[in-house]
Amino acid sequence: LLTLFDWLQNTALATWISQSDSVWVYPSVLAAHTIGLGVLVGISAVIDLRLLGFAPGVPLAPLERYFPIMWVGFWINAISGFALFAAAASTKGVQWIFYVKLALVFAGVILLRLIRRSVFRNRAIVDVNVVSSDGRLLAAASLAVWAGAIVAGRLMAYF
Amino acid sequence: MDLNALAGWMAATPLSTWVNAYGWIWQTAEIVHFVGLALVVGIAGVFDLRLLGFAREIPVGALNRLMPWAVVGLVLNIITGVLFMFGAPSRYLTNPAFQLKILFMILAGLNVLAFTLVYSSRTLGLGAGQDTPSGAKVIAVTSLVSWFAVMYFGRMLPYLGDAF
């Protein structure tokens with residue numbers, strides 16, 4: 001695996017990101033990662049807060065239209081995250097906190113899919129705009145997992 | 001205004017000493033700053049998109065009930081932002097990325113003020129499917145552009161200029 005990380009870090013893409021003379025390359029990838037976070041976690045938080053009972057006047061059905069926008073945020077971060085990882089694979093790849101972050105992001109995406117299936121695709125819930133306790137539990141878990149992913153992601157700079 | 005003198009004064013405050021006394025203070029403030037970012041951008045962004053006509057079945061006033069959470073995010077970020085500024089004033093005050101970030105924050109603030117004064121009474125009562133006045137759409141676009149610019153220049157802070 002370490003060989004793989006070394007190889008990854010020495011690919012043309014990775015060296016371009018990590019060693020480009022332009023001040024724009026690495027920081028712009030980093031900025032994209034932050035913006036993707038804002039889109040994905042921010043919209044997810046809106047949906048989670050609604051499911052938890054804040055802003056009860058917001059109907060559930062139209063909120064489902066925000067899922068594709070969240071996936072855009074997710075893919076911005078999957079791509080920018082891969083680029084940032086490639087640029088420093090041999091150091092990031094051996095950080096346990098990196099794998100914690102990866103696991104939390106994975107859990108966050110799974111929770112979003114579960115929320116979509118068990119809340120937004122459930123006519124019994126969407127038609128009457130009353131969230132079940134399962135839905136509230138998923139929403140609380142989603143908020144906790146995203147917060148955890150942010151903590152782990154930030155701490156990668158210090159490990 | 002002499003920014004370097006101001007930075008020197010800030011660096012000599014007890015707050016500046018405290019921020020730099022322990023590594024965990026800065027690291028924790030960074031985490032809080034990113035959580036606050038998500039709240040502000042997510043809630044403001046969803047609200048702006050509704051003003052622009054996306055997911056129009058959501059009553060504007062109902063969505064506005066989430067705004068206190070955006071304010072929580074904003075307050076967290078102002079507090080942690082002030083900690084960063086006092087922690088390393090010379091890196092921030094004269095940094096072009098920081099100055100642009102502040103500029104876009106002021107724009108976002110004036111934009112909220114304009115919305116509150118002129119368009120809140122004309123939009124918060126709008127129900128499912130109702131369209132907003134075009135002026136409110138201009139406000140929404142300004143808001144989206146400002147917050148994305150705030151994030152962008154915030155993240156570019158350590159890399160623009162030679163302060164870091």
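This is a predicted model: local features need pLDDT of at least 70, side-chain atom pairs count only at pLDDT 80 or more; totals for chains, interfaces and linings use all residues.

**The interface**

I then asked how many salt bridges the rule finds across the interface of chain B and chain A. For the extent of the contact, I recorded 34 residues from chain A and 33 residues from chain B. Together the two chains bury about 3,100 Å², and carbon and sulfur atoms account for 80% of that area. On the side of chain B, the residues that lose the most area to chain A are B:Ile31, B:Phe54 and B:Arg155, which together make up 17% of what that side buries.

**A:Pro59**

Next I looked up where A:Pro59 sits, and placed it in the loop of chain A between helix 3 (25-51) and helix 4 (60-63). Is A:Pro59 buried or exposed? I have it down as buried, because its relative accessible area is 17%, and the cut-off for buried is under 20%. Leaving aside residues up to four places away in sequence, I listed what A:Pro59 touches: A:Asn129 in its own chain, and B:Glu57, B:Ile58 and B:Pro59 from chain B. I also checked A:Pro59 against A:Ala87, and the two are 28 residues apart in sequence, while their C-alpha atoms are 44 Å apart in space.

**Chain A as a whole**

Stepping back to the fold, I counted nine helices and zero strands in chain A, so that the pattern read along the sequence is α-α-α-α-α-α-α-α-α. Along the principal axes, the C-alpha atoms of chain A fill a box of roughly 55 × 30 × 25 Å. Of the 159 residues in chain A, 50% count as buried. When I took the contacts in chain A between residues at least 6 apart in sequence, 82% of them turned out to join residues at least 24 apart.

For the surface, I wrote down that chain A exposes about 7,600 Å², with 69% of this supplied by carbon and sulfur atoms. Lastly I looked at charge, where chain A carries 11 positive and 6 negative side chains, and the centres of these two sets lie 6 Å apart.

Notes: Residues are numbered from 1 along each chain as its sequence is written. Chains are lettered from A and ligands numbered from 1 in the order in which they are written. Side-chain values use heavy atoms; hydrogens and water are left out. Helices (H or I, at least four residues) and strands (E, at least two) are DSSP runs, numbered from the N terminus. Buried means under 20% relative accessible area, exposed over 50%, partly exposed in between (1.4 Å probe, protein chains only). Contact means heavy atoms within 4.5 Å. Accessible areas come from the Shrake-Rupley method with a 1.4 Å probe; for residues, only the protein chains shown count as cover. Lys and Arg count as positive and Asp and Glu as negative; His and the chain ends are not counted. The place of a charge is taken as NZ of Lys, CZ of Arg, CG of Asp or CD of Glu. Buried area is the accessible area (1.4 Å probe) that two parts lose on being put together, summed over both. A salt bridge is a side-chain nitrogen of Lys or Arg within 4 Å of a carboxyl oxygen of Asp or Glu.
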